[in-house]
Amino acid sequence: MRTTPNARAFDDWIRGPFRELNTQLEELYFAQADRADVEQAGADIKARLVAEGREHVQRLLAEGNTDEGFEAAFDLLGNVGLYMGACRRHEITNPDRERNSPLKEASALAMHIGASLGVAPRFATSHLATHNPAIDGDYKSFTSLEAEYVFLEYNTQGVLAYKRAADALVRILPLGISHPVARRLLETAREALEEVVVSNEILFEKLDTERFFYCVRPYYKPYRVGQHVYRGANAGDFAGINEIDLLLGLCRADNPSYSQLLVDKFLFMMPEDQDRLRDVMRRRSLLDELLAALPDSAGKPWFQRNARAFLDVVAAHGRTAASHHDALVGKFIQAPASELPDERLKNITASGPPLPVLIDALEKLRDLRLAADRDDIPSRHPDLQRLRAALG
């Protein structure tokens, strides 16, 4: 990846002093009686963080568009975003008390790069997961805390497993659901989704709840770039999980609440992910293909074989949704949040809405993926019952 000397110097700072300064601040906060009070501690460290980051950004802004290619530009956007995200975490900036970001140079650089690449002008999940290049085994992070490393590594494993499942399902489309090879592709998707469940279970066991809640999660808050507030990075900001939703037919692009979720995600995904998701949104789901084959093909070997394999994938996808929501969200967000006073609950979620609103939305999404027997959401439960009834 070609980069300029200024971009390399900024990257070195992000991987070194930036991470050290954040870690020092986290240790100060965590030692306090009120761990959520970050405004009073570490003024000298915060001043150094702001000043050193601004120096790098000013040089890059003066350098202008060096046309070093997408990878270099996207990586630089991530570094600017990490800097702005850290300033938000430490209450150096706060969109509730500002009409414009006080990080003027960083905002200008982020908006320039984001607009040129067709992505949101802030750091996204991919900057810390799938597009986070390691140097001598060391990848970028906000801190050197073990909780952050555990979160990033197992989250990345889960994202990559979802992508493998989506890739397998997409490859069925040009073959058709009745093709003999479709069964193997369905098995590949199921195996990948089972890896997501395993990754979630290990994360559940290894991740320190309090360290995650107080020292990792706050870096993912919404922050202002220029005049506009951009929601926080979300672990689901990649196409794969939604490709699976749509290809299995568990969620529909014409469902207003689900389509709103997709619209909100687009600029937080890599451009190639945006293209993949747009393509899948116009496709007929595999569930609808199987239902269309009823009743004429129900007794045929291909139908019995491939429908069973399809239902196994649906079940595996439901298990991933349940393991994420029922275990991870409950343990690492809901439980510790319940111990906070009301004044600390504002802006606790990365996506912006109050925690009860977010939890309700996540529960509905989980139940769509589970095809739960609910009549208040467009669940495919009845259609899956029809498919199961057709199997001998």
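D136 counts as exposed, with a relative accessibility of 82%; here, exposed stands for over 50% relative accessible area, buried for under 20%, and partly exposed for what lies in between (1.4 Å probe, protein chains only). The structure is a predicted model, in which local features need pLDDT of at least 70 and side-chain atom pairs count only at pLDDT 80 or more, while totals for chains, interfaces and linings use all residues. Residues are numbered from 1 along each chain as its sequence is written, and side-chain values use heavy atoms, with hydrogens and water left out.

D136 is found in the loop between α5 (125-128) and α6; helices are DSSP runs (H or I, at least four residues), numbered from the N terminus. The backbone of D136 deserves a look, since its phi is near 50°, a positive value in a residue other than glycine. Phi of E91 is also positive, near 60°, and E91 is likewise not a glycine. E91 sits in the loop between α3 (70-89) and α4 (104-117). Are these two residues buried or exposed? E91 is buried, with a relative accessible area of 15%, whereas D136 is exposed. As background, most residues other than glycine have a negative phi, and most peptide bonds are trans. A cis peptide bond is present too: it joins L294 and P295, with omega at about -5°. P295 belongs to the loop between α12 (286-292) and α13 (301-337).

Not counting residues up to four places away in sequence, Q274 touches G118, V119, F266, L267 and M269, a contact being heavy atoms within 4.5 Å. The buried residues of α11 are D273, Q274, L277 and V280. Why do they share one side of the helix? They cover an arc of only 130° around the axis, and this puts them on the same side of α11; the arc is that of the directions from the helix axis to the C-beta atoms. Among the elements that cover these buried residues are α6 (146-170), α9 (239-248) and α10 (256-265).

Helix α15 (residues 381-389) can be read in a similar way. Its buried residues are D383, L384 and L387. These cover an arc of only 95° around the axis, so they lie on the same side of α15. The face turned away from this buried side carries the exposed residues P382 and A389.

H56 is found in helix α2 (residues 43-63). At 11% relative accessibility, H56 counts as buried. Leaving aside neighbours within four places in sequence, H56 is in contact with A9, F10 and W13. The side chain of H56 also makes a polar contact with the side chain of R59 (3.2 Å). A polar contact is a pair of N or O atoms within 3.5 Å; within protein, one must be able to donate a hydrogen and the other to accept it, and residues adjacent in sequence count only if both atoms are side-chain atoms. Another histidine, H324, stands 268 residues from H56 along the chain, and their C-alpha atoms are separated by 38 Å.

Charged side chains come last. Side chains of opposite charge can pair when their charged atoms come close. How many salt bridges does the structure hold? There are 33, each being a side-chain nitrogen of Lys or Arg within 4 Å of a carboxyl oxygen of Asp or Glu. One of them joins E26 and R89, whose closest N and O atoms are 2.6 Å apart. This pair links distant parts of the chain, with E26 in helix α1 (residues 5-30) and R89 in helix α3, 63 residues apart. E26 is buried, with a relative accessible area of 0%, and R89 is buried at 3%.

K140 and D75 also meet in a salt bridge (2.7 Å, N to O). K140 is in the loop between α5 and α6 and D75 in helix α3, 65 residues apart, and the pair links distant parts of the chain. Both K140 and D75 are buried. They belong to a network of salt bridges that links D11, R15, D75 and K140. In a further salt bridge, the side chains of R164 and E195 meet at 2.2 Å, N to O. R164 lies in helix α6 and E195 in helix α7 (residues 180-206), so this pair ties together parts that are 31 residues apart in sequence. R164 is partly exposed, at 38% relative accessibility, and E195 is partly exposed at 40%.

Definitions and conventions:
Helices (H or I, at least four residues) and strands (E, at least two) are DSSP runs, numbered from the N terminus.
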